[in-house]
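Have the structure open as you read.

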Amino acid sequence: MKNSNSFFKISACLVFLLLCSSCIKEITYELGDQEDVLVVYGILTDQPGRKIFRVTRTNPFEKQVDSKPVSGVTLVAIDSKSRKYPFVELDPGSYMLADTLFQAVAGETYYLDIVVPNDGHYRSDLEIMPAATHIGSLRAKSQRVDIDTRLQLLVDDKIPSDPQGVYLRWKVTRYWQRTSIDFALIFNDFFRFKPPVICYMTEFPDPNNIRLFGSNRRDEFELKSQEVLNIDNDDKFFERNVFEVVEYRITAKAHDYWNNLNKVTNQSGTIFDPPPATVRGNIYNVDNPKIRILGYFELAAVDTARVRVQRELFMPFPIPEPCLPNYRNESLADTYYYTPECAFCVNIKGHSVIRPKFW
């Protein structure tokens, strides 16, 4: 009896393993050659100003180096009436629309024509310029997480009635201030030391998280408390910050492109993540339309809002003083035991001493 029970258990295990193996299917992803792929990206909006397009080539993933700029490219935007809007090359791989007063017209169609030396002729799919939407309000909110706080930026919008749907994308820019140490006040020597310099820094918080919204509702409705940024607080909040939110009303196709890009760039580290393959855009080879390159030619109606953030927003959780002397670090003796960035803010990479107009 004992032997028969053992035989039954072994048989059951074998059957289970066979069943499991039959459920496993090998899946392979064709990632293709990641080297030397053409990438074109740019956006035309309904606002005047500089419109910069970038043309580059990719490098192998394992090299982890910047893309290579492509020079000598002919770029022309063309509308439904065959009017042409040429670009001029500013720097290698950087092209600006020559007419800085150009404003894309709602309902008009445009496409991008591209000629790359020793490579070929490319065009984008036709894109239709969406009508404008406007940010109803933008507010900053402190969000408590355990014993710390985070910053939330929330947008309210009035979504118009549109049978084609409404699709939005948001881009957030952070401006923060750092004041150099006032050595004249510390040492009471206003002849030896100049007044402290104030610097202004610009950065793009949470750049890999693309904030999107899409709706197929045909009626008008209110979009309430749409989160467009959620970041940890840090010592940059010790002085004033200004957050600028640009809202782009985009097409359904552009929304799909950014949504797919979001899935690739924001992996959670599970087997259910999409493979790290390239996201194809709306630009194709004229001679072989099946060949599509990377990047996207985008049209968008734009609205902008800004909000100031002071450290009092995070109370009762204080923002730590970022610039305290460290008398134990002898390497800081030349800057009176302050870090160089604190002693003289001009040491901060990407600084500007020009105060922004909206400050």
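Cys-323 counts as buried, at 9% relative accessibility (buried means under 20% relative accessible area, with a 1.4 Å probe and protein chains only). Keep in mind that this is a predicted model, where local features need pLDDT of at least 70, side-chain atom pairs count only at pLDDT 80 or more, and totals for chains, interfaces and linings use all residues. Residues are numbered from 1 along each chain as its sequence is written, and side-chain values use heavy atoms, leaving out hydrogens and water.

**Cys-323 and Cys-342**
- Cys-323 pairs with Cys-342 in a disulfide (cysteine sulfur atoms within 2.5 Å), and their sulfur atoms sit 2.0 Å apart.
- Cys-323 is in the loop between strand 18 (292-309) and helix 4, and Cys-342 is in helix 4, so the link ties together parts 19 residues apart in sequence. Helices (H or I, at least four residues) and strands (E, at least two) are DSSP runs, numbered from the N terminus.
- The link is left-handed, with -75 degrees about the S-S bond.
- Cys-342 is buried too, at 4%.

**Cys-199 and Cys-345**
- Cys-199 and Cys-345 form a disulfide with 2.0 Å between their sulfur atoms.
- This pair links distant parts of the chain, 146 residues apart: Cys-199 in strand 13 (residues 198-203) and Cys-345 in the segment after helix 4 (340-343).
- Their link is right-handed, at 75 degrees about the S-S bond.

**Overall pattern**
- The whole structure has two disulfides, and they follow the pattern 1-4, 2-3, counting bonded cysteines along the chain.

**The loop at Ala-106**
- Ala-106 sits in the loop between strand 6 (94-97) and strand 7 (109-116).
- The C-alpha atoms of Ala-106 and Met-129 are 4.8 Å apart, though 23 residues separate them along the chain.

Notes. Buried < 20%, exposed > 50% of the residue type's maximum accessible area, 1.4 Å probe, protein only.
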